[in-house]
Amino acid sequence: MTYRAGWIHFTNVAPILDSLVLPPGVTAITGVPTQMNEALLSGAVDIANISAVEFIRHADTLSALPDFSVSVLGPVYSVNLFHTCALSELKRVALTSQSAMSVALLEVLLREWGVSPTLERAEGEAEALLAQGFDGVLRIGDSALREWYGVVGPFTETTIVPEIPQSGRGITVTDLAEEWFRVTGRPFVFAVWAYRKATPPPAALLDAMRAARRHGIGHLAEVSERHARKLGLPADVVQHYLWNFRYHLEDADRLALNEFADRAVPGHAPLEFGVR
């Protein structure tokens, strides 16, 4: 029987997925976060690296691998709110339909900021949507990374992280993961590798994923150069982006995931981490 995987193959998981060789009996499809969320929940795939909030919402039917995540401690650079006014003055914010996770995180943070703007679905680059009258635009993934650099770059060889600007051309970029850290002092878990409890992954797939992760992290410069060409960004910027991620699921990440779950999905089922 074929075991079916669904991968969200953004640059942020390139160190795991780029060199992954699927074992016999395993197939894979790719898509954006909302597509893979739906595929897993509908049974079209058996495992997927899905938005953590969807894992939380469906914790009664899903388990997560105990040692895989896409997490950061501080800025993530690719889940950004682009805005032209102070956060306290937000009135109208454009949301992407590609990610339930980023929307849920934004909603948690809006409550922390004490504001309740109108939230509207709208796709397009941040600057274009801001020009159309939105005063905030939520962008995710590779596009958000590219647009972030377009606003705050370019950098020089002497640019250090604390000196990276947060604004340019009249636009401020608020990194949602960094805001979460400021509020909680914890990492933020954007995605987990979740599977349907009735269909745990075969050991061969887990072995292949762990081997691919070791290889990718060990060859981060090569991975960065390859994806920098696709993104049209400097390789050192992409490498800085990738070395920032936590690809395991350690105690601090689990604590953070449970705290987010309690804030975003009150009354959720207990989170389970299976298959070692």
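Reader: Are helices H4 and H7 parallel, antiparallel, perpendicular or oblique to each other?
Author: In this predicted model, the axes of H4 (residues 100-113) and H7 (residues 176-184) come within 10 Å and cross at roughly 45 degrees. Angles of 65 to 115 degrees count as roughly perpendicular and those under 35 degrees as roughly parallel. The H4 and H7 pair is therefore oblique.

Reader: Which hand does the crossing of H4 and H7 have, left or right?
Author: The angle of roughly 45 degrees between the two axes leaves the hand to be stated separately. H4 passes H7 in a crossing that is left-handed.

Reader: Which residues of H7 meet H4, and how do the residues of this contact divide by class?
Author: From H4 come Ser 102, Leu 105, Leu 106, Val 108, Leu 109, Glu 112 and Trp 113. Their partners in H7 are Leu 176, Ala 177, Glu 179, Trp 180 and Val 183. By class, the contact of H4 with H7 has nine nonpolar, one polar and two charged residues.

Reader: How is H7 oriented to H11, perpendicular or parallel?
Author: The axes of H7 and H11 (residues 251-264) come within 13 Å and cross at roughly 90 degrees. An angle of 65 to 115 degrees counts as roughly perpendicular. That makes the orientation of H7 to H11 roughly perpendicular.

Reader: Which residues make the contact of H7 with H11, and what are the class counts?
Author: On the H7 side are Trp 180, Val 183 and Thr 184. On the H11 side are Ala 256, Glu 259, Phe 260 and Arg 263. The class counts for H7 with H11 are four nonpolar, one polar and two charged.

Reader: How do H4 and H11 lie, perpendicular or parallel to each other?
Author: H4 and H11 pack with their axes 10 Å apart, at an angle of about 75 degrees. With 65 to 115 degrees as the range for roughly perpendicular, H4 and H11 are therefore roughly perpendicular.

Reader: How many charged residues does the contact of H4 with H11 have?
Author: H4 brings Met 101, Ala 104, Leu 105, Val 108, Arg 111 and Glu 112 to meet Phe 260, Arg 263 and Ala 264 of H11. Six residues of this contact are nonpolar and no residue is polar. The charged residues number three.

Reader: Why does the radius of gyration of the chain agree with a compact globule?
Author: The C-alpha atoms fill a box of roughly 55 × 45 × 30 Å along the principal axes. For 276 residues, a compact globule would have a radius of gyration near 19 Å. The chain agrees with that because its own radius of gyration is 18 Å.

Reader: What share of the contacts with a separation of 6 or more comes from residues 24 or more positions apart?
Author: The chain has eleven helices and twelve strands, and buried residues make up 55% of its 276 residues. Among contacts with a separation of 6 or more, the share from residues 24 or more positions apart is 78%.

Reader: Is Tyr 77 buried or exposed?
Author: Tyr 77 lies in the loop between strands S4 (62-72) and S5 (79-83). Although not a glycine, Tyr 77 has a positive phi of about 75 degrees. Its relative accessibility is 6%, below the 20% limit, so Tyr 77 counts as buried.

Reader: Is Arg 169 buried or exposed?
Author: Arg 169 is in the loop between S9 and S10 (171-175). Arg 169 is not a glycine either, yet has a positive phi of about 55 degrees. With a relative accessible area of 55%, over the 50% limit, Arg 169 is exposed.

Reader: Where is the cis peptide bond that ends at Pro 154, and what is its omega?
Author: Pro 154 has its place in the loop between helix H6 (141-152) and strand S9 (167-168). The cis bond runs from Gly 153 to Pro 154, with omega near -5 degrees.

Reader: Which residues does Leu 119 touch, leaving out those up to four places away in sequence?
Author: Leu 119 is found in strand S7 (residues 118-121). At 33% relative accessibility, Leu 119 counts as partly exposed. The residues touched are Val 93, Leu 95, Glu 107 and Leu 110.

Methods:
Residues are numbered from 1 along each chain as its sequence is written. This is a predicted model: local features need pLDDT of at least 70, side-chain atom pairs count only at pLDDT 80 or more; totals for chains, interfaces and linings use all residues. Side-chain values use heavy atoms; hydrogens and water are left out. Axes are lines fitted to C-alpha atoms, for helices over the stretch in contact, and angles run from 0 to 180 degrees between N-to-C directions. Helices (H or I, at least four residues) and strands (E, at least two) are DSSP runs, numbered from the N terminus. Angles under 35 degrees count as roughly parallel, over 145 as roughly antiparallel, 65 to 115 as roughly perpendicular and the rest as oblique. A crossing is left-handed if the near helix is turned anticlockwise from the far one by less than a right angle, and right-handed if clockwise. Contact means heavy atoms within 4.5 Å. Ala, Val, Leu, Ile, Met, Phe, Trp, Tyr, Cys and Pro count as nonpolar, Asp, Glu, Lys and Arg as charged, and the others, Gly among them, as polar. The radius of gyration is taken over C-alpha atoms; the globule rule is 2.2 Å times the number of residues to the power 0.38. Buried means under 20% relative accessible area, exposed over 50%, partly exposed in between (1.4 Å probe, protein chains only).
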